[in-house]
Amino acid sequence: MAQVSILKVNYGGWPNCYRVSDGTIEFIATTDVGPRIIRFGFVGGPNEFCEFTEQMGKIGGDEWRIYGGHRLWHSPESRARSYYPDNRPIHIEEIEGGIRLRQYTEPTTHIAKCIEIVFAGENAEVDGSGGQVIVTHKMTNDGVWPVELAAWGLSVMAPGGVGIAPQTTEADPEGLLPNRWLVVWPYTDLTDSRLYLGKRFIFLRQDSSAAQPCKIGASVTDGWAAYANKGHLFVKSFEYMDEALYPDGGASVEMYANDRMLELETLSPMVLLDPGDTVEHVEVWSLHKDIGLPDDSRSITEEIVQSTILPVVEGR
């Protein structure tokens, strides 16, 4: 593994941020609010995550703010539970290869959030990629009764790209039983030009001129989702658990787009979390460039995913 550096920095108006880098890729987490990973990208390159500039540097208050970056939520989505305002300082620890971000116990939900993010070595298969990053999301029930939930990792991606999720190809030999679940929300328009349900993949494109949001979820048994933007490819992979009950009608991956960003989301199975217990959900991130992707995400087709992106995801 390349040597990892950790440096305290001021970023976006937050004075207590930590930049962690392997020399190729860097991420920045703020400890003034959160837990939030506010930047992820190549050293010297653009932030692959979206930043809401009007909220950068803000702290305190009772209003939930999206901020941008990557966050950890409770699922199923609930106004009272999911939108607890994480506007207070959190604790940071340096660990081998990265950092651990610990939130206080939320007084209204009695859940404490923790995100560990560490570099895990070089990806030698693809030119222009840095080491993989392992992101472990943890939620601990500090209350006095069991809570049913799923851990939910949401990456708020910068505008201009396209989210990609594979559809499962596994089926019973006779084809008599369904082999996948697609989930839509009340505001989802299946004729939306940003949404494409292909033979093998699902696409959701971010469009800054869009008037309405669009969201879709799927039972992604292949265990990955990706975002292609301006020739770069961000991949997050996870372990899909067969026979487990996933939230929102069976979704292990969800994608949400509006006029400012696209959220690339993965979810753990639902668990009944007893007092004192912790649920974990792990994503493995990688970032790639110079793999033959067009700069214009509107030009990315199923054929390009099959020939260019799939070999990267599968390590071929």
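What is the mean pLDDT of the chain, and what share of its residues reach 70 or more? For this predicted model, the mean comes out at 94, with 96% of residues at 70 or more. One stretch to handle with some care is residues 122-128, where pLDDT stays under 50. Even so, the model gives that stretch 18 contacts beyond four places in sequence.

On to the fold. Ten strands make up an open sheet with antiparallel pairing, and reading across it gives β6-β7-β8-β9-β21-β17-β16-β11-β14-β13. The sheet ends at β6 (91-95) on one edge and at β13 (195-197) on the other, each of them pairing on one side only. Leaving direction aside, neighbouring strands are turned against each other by 15 degrees on average. Helix α3, spanning residues 302-313, packs on this sheet and touches β11 (162-166), β13, β14 (201-205), β16 (224-229), β17 and β21. The direction of α3 makes about 100 degrees with that of β14.

Two of the strands that α3 touches, β17 and β21, are also partners in the sheet. Strand β17 covers residues 232-237 and strand β21 residues 278-288, and the two pair in the antiparallel sense over five bridges. Here K236 stands opposite W285 in β21.

Methods: Residues numbered from 1 in each chain as written. Predicted model: local features only at pLDDT ≥ 70, side-chain atom pairs only at ≥ 80, totals over all residues. Heavy atoms only, no water. Pairing = 2+ DSSP bridges. Helix = DSSP H or I, 4+ residues; strand = E, 2+ residues; numbered from the N terminus. Axes fitted to C-alpha atoms, helices over the stretch in contact; angles between N-to-C directions. Contact = heavy atoms within 4.5 Å. pLDDT = per-residue confidence, 0-100.
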